[in-house]
Amino acid sequence: MNLYDKTAHELHDMLINKQVTSVEITKSVIERADKTEQILNCYLERTNEDALKTAKKVDEKIAKGKNISPLEGLPCAIKDNICTDGVKTTCASKMLENFVPFYDAYVVSKIKDENSPILGKLNMDEFAMGSSTENSYFKTTKNPYNTACSPGGSSGGSAAAVSAGSAVFSLGSDSGGSLRQPASFCGIVGIKPTYGLVSRFGCVGFASSLDQIGPLTKDVRDGALALNAIAGYDANDSTSANMEKADYTAALTKGVAGMKIAVISDYMQEGINEQVKKAVLAAVEVLSSLGAELSECAIPSAKYALAAYHIISAAEVSSNLARFDGVRYGYRSGSYNDITEMLENTRAEGFGDEVKRRIIAGTFALSAKNFKNYFEKAQKVRTVIRNDFDKALGQADILIAPTSMTTAFALGEKNDNPTKMHESDFCTCGVNMAGLPALSLPCGFDKDGLPIGLQIIGKAFDESKLLTAAYAFEQSADFHKMRAIIKNEAGEDI
Amino acid sequence: MKITAKEAEHAAKLAHIKIDSKQSEKLICELEVIARYADMLKDVDTSGVEPTFHGIVLQNVLRKDVVTNNYNRDDLLKNAPDSHDGCFVVPTVVE
Amino acid sequence: MKYETVIGLEIHSELATATKMYCGCATSFGSEPNTNCCPICLAMPGTLPVLNKTAVEYAIKAGLAMNCEITRWGKQDRKNYFYPDLPKAYQISQLETPICVGGHIDVAVDDSIKRIRLNRIHIEEDAGKLSHDTGGGTLVDCNRGGTPLIEIVTEPDISSADEAKLFLESVKAILEYTEVSGCKMEQGQLRCDVNISVRKAGETKLGTRTEMKNINSFRAAVRAIEFESRRQIEELEYGGQIVQETRRWDDAKGESMPMRSKEEAQDYRYFTDPDLMFISVDEDTIQNIQKTLPELPNARKARYIEEYGISPYDAGQITNSKPLADFFESSIKCGADAKAACNWILGDISRILNEKGAEHFEIPFLPEHLAELTQLIEDGTISNTAGKTVLAHLFETPKSPKDIVSEKGLVQISDEGMLKKIIAEIIASNPKSVEDYKAGKGKAMGFLVGQAMKATKGKGNPQLINKLLKDELDSI
Ligand SMILES: [Mg+2]
Ligand SMILES: [Zn+2]
């Protein structure tokens, strides 16, 4: 197995046993990215020199006999809506094409504390709006399992890079499914933490009340390690939960015996791909055979979640993205006669179609005439959704659903149809509306060899339970050991 | 749900995004998507239900009134499309 | 036809916090452009607000001082609009749950008390500043952006420019007493918008109102109200109609005109800020803040009338300014006669301060110096005229009145022999005036006393001169 194919915890063990150096690992991943990038387009910006510098520092530390933390010396990459001091942060938008922050996002400072070499910034749907990474202003990322397919989105670059071995792990963000759906499409683990567990400071706001940053990893243990690194109270984020830090790896081996697991029936009905359904039910069987108590539950409001989600997120987007006005940073139109034209042209030229669509829709939903029937109604429906999840979680420890109704769809398949694309969030956005933690991990492959994702949903701040269940399933199924076989244009494996 | 061109143009105007008449047609269709969503929500009984504003419910998240700024102006201005004399420059604003 | 004017005010007051509402930048005035800024107040991508605790406490304090109900469970809302001085393109304010509700301020109008009701006090952030570049563009300085404000909104209870002025003075005094705001109007720390409508006397329905912005002093408020109510009345008299609009007051031209940028109907799309959590205020917090309230202007005024026997008008004038009232009380503690101290403070001291343009009263000498000055006059050491000279010197040097009197030779001449000699000379050289006096013309006496004072270079004891002169003239 190549170094770049290994998990973080495997590489950590090799580092402390001096079987390999951080520079060797980092170089292996960089070389892998040099190859895969020609096909996959995961990265928007690469910072190999900085990464190697950090790796060297870690090697010196190890040589001196010092202890290293679990992710130390293991190269990662960051979704491009997360600010990195001195490195372009574009949100895959023309609007921020040349924007260089001079501050780090909270999670980036945590990764730097960890001495994890940062390889660069990862592609995404523009301002995280989309589910296919086709809305990037710069490039379209491809799915490592089938380059004709989408890696999902909006954290498509983050998921594809980990899946392809061009980063050991990565960070992304999830407002309606943007970590879990690409994780499921790319056959890796994605964790959307409880709202408030990970600071949003420095993550360019999409929908403030829904956004959470989370890790994408090759397996569940890596997910726990990355979550350990980035979770925690941040006084600079008013929505950050001030609570004691947990060690998520402690939960991994607890086992599911006696755990109450409920399958959400509303996500297993019409529209679901039969192979996805089969794989999810098979996974549930595995958990049952390991001692979990199975049941079914209903989220009656599930079919309204998507509508409410799109109204609320568009409304918040319209306000959050109003700051992009060509005054203090970012793109400014070259043609205008007065200040109003400067603003209108800047925003017309700097934003892509999907972003403009959502901003205007959100403005419409918030405007005096529509406020009550659109935004306020959606916020009330949000309460209903929250209550439904609370009720279901009152009867069960964790809930099970597919991450996505389908496996990866073909590039271009949905991009001209916003409503179709919105439907990608069907199984995931309810969780964001309720502020709950959820995780996606591989639970099989369809007949075309595309990965299928299992979604596990838990109570607020009960990430440990998700990890316990996920780890138990993973260890008895081995899907996490699969690696994508990437072919170049000539059809050769790379 | 029918959206008029006037409504669409008003929303674009409020959002400060320039659209031409050709785009206006398309915009109407797009706004009809969100209007359909709002229509769907009418089926949910929300009488007596309070809206949820936040992803988490906390109270009194407050900051001590102590100066902590340590940025220099060059950094603050370096991403600006136009700046002069320590200020951001915009086309003349008439009140 | 008689009309009455109905006025409501929206007063924005900058809070005297060390830092801005949502970031750790200093709020100091007059710094180099954009030096009190950070990624948060410049709305750089990814940054988030955290509310200033002191700003909340100050707003509650102001509310308690103005008899408001304090909201126990509140939130903050976004007011969305584009303007280059507003980095986020929304102002964080409070729409549905202002931190203070209701309340009132009692104002002494002529001889009666008028109660002006408040609608609310809410917290919000200030915007930056625009200035015009010689190069043709507009310059944006965000130093002020994010400064904590309270907005005090009245009910339409004010019926004249004079009442508005008295009310504004009361608001300023309360904010100064509670130390919630510096209230430096010249620095824009206190600004007001005026909502104004007129209606025929006796009518109960409110007329269409206009809102006037850009009012930067009490004087401007008075002029703006007078102008606008006249304009509206004239408009109606000539059969016209009032348009509901926002107008900009131009103090230099002395007129208001419709604001161009506000023509487009405003739709602020207010909604609860998802980045900011609820504000919960419990009874203990309110009690603790209540305890920190000082004696407020109206209470102080009543005490001055009662304790020092000064007139309600004077007491009102002096308590309108906390620094003046503090100075007044200290000087009394140092032995000054209350009435004399009051006269000096409201008279010459205020005049000189005004001449110096010191809107924010900073008396450069000590209260004990005023006490000493009043005692020197009372015991006849110096004349009242010489007292004015001493006062002028007190504004310039750090010396005590006694030192100034002896240095400048201002001690009063009360030597009868010397004064009699001077009087004799004056009578001799002004026969016409003596004749007038004899003919019963009162003015002549004043002239002759003046001549005597002049001859003593102002040092003669005026009461003594008066008496001696009268004796002399009557004996002729
Ligand atoms: Mg206001
Ligand atoms: Zn700041």
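**View 1. The interface of chain A and chain B as a whole.** In this predicted model, 62 residues of chain A are in contact with 52 residues of chain B. Between them the two chains bury about 5,000 Å², and carbon and sulfur atoms account for 68% of that area.

**View 2. Charged and polar pairs between chain A and chain B.** The interface of chain A and chain B holds 3 salt bridges. One of these joins Arg357(A) to Glu30(B), with a separation of 2.9 Å between the closest N and O atoms. Polar contacts link 17 residue pairs across the interface of chain A and chain B, counting pairs in which both residues have pLDDT 80 or more.

**View 3. The helices of chain A that face chain B.** Two or more residues of the side of chain A that touches chain B come from each of helix H9 (302–320), helix H10 (339–350), helix H11 (353–366), helix H12 (372–395) and helix H13 (418–422) of chain A. Of these elements, H12(A) gives the most, with 11 residues. Sorted by class, the side of chain A that touches chain B consists of 27 nonpolar, 19 polar and 16 charged residues.

**View 4. The interface of chain C and chain B as a whole.** Here 54 residues of chain C and 36 residues of chain B take part in the contact. The area buried between chain C and chain B is about 3,900 Å², with 61% of it on carbon and sulfur atoms. Of the area that chain C buries against chain B, 15% is supplied by Phe82(C), Met277(C) and Phe278(C), which is more than any other three residues supply. The count of salt bridges between chain C and chain B is 0, whereas polar contacts are found for 24 residue pairs, both residues being at pLDDT 80 or more.

**View 5. The elements of chain C that face chain B.** At least two residues of the side of chain C that touches chain B are supplied by each of strand E2 (51–52), helix H1 (53–65), strand E10 (129–132), strand E11 (138–141) and strand E18 (279–280) of chain C. Among these, E11(C) gives the most, with 4 residues. The side of chain C that touches chain B comprises 27 nonpolar, 15 polar and 12 charged residues.

**View 6. Strand pairing between chain B and chain C.** Strand E3 (residues 87–90) of chain B runs antiparallel to E11(C), and 3 bridges join the two strands. Within this pairing, Val89(B) stands opposite Leu139(C), a residue of E11(C).

Notes: Residues numbered from 1 in each chain as written. Chains lettered and ligands numbered in written order. Predicted model: local features only at pLDDT ≥ 70, side-chain atom pairs only at ≥ 80, totals over all residues. Heavy atoms only, no water. Contact = heavy atoms within 4.5 Å. Buried area = accessible area lost by both parts, 1.4 Å probe. Salt bridge = Lys/Arg side-chain N within 4 Å of Asp/Glu carboxyl O. Polar contact = N/O pair within 3.5 Å; in protein donor to acceptor, adjacent residues only side chain to side chain. Nonpolar A, V, L, I, M, F, W, Y, C, P; charged D, E, K, R; others polar. Pairing = 2+ DSSP bridges.
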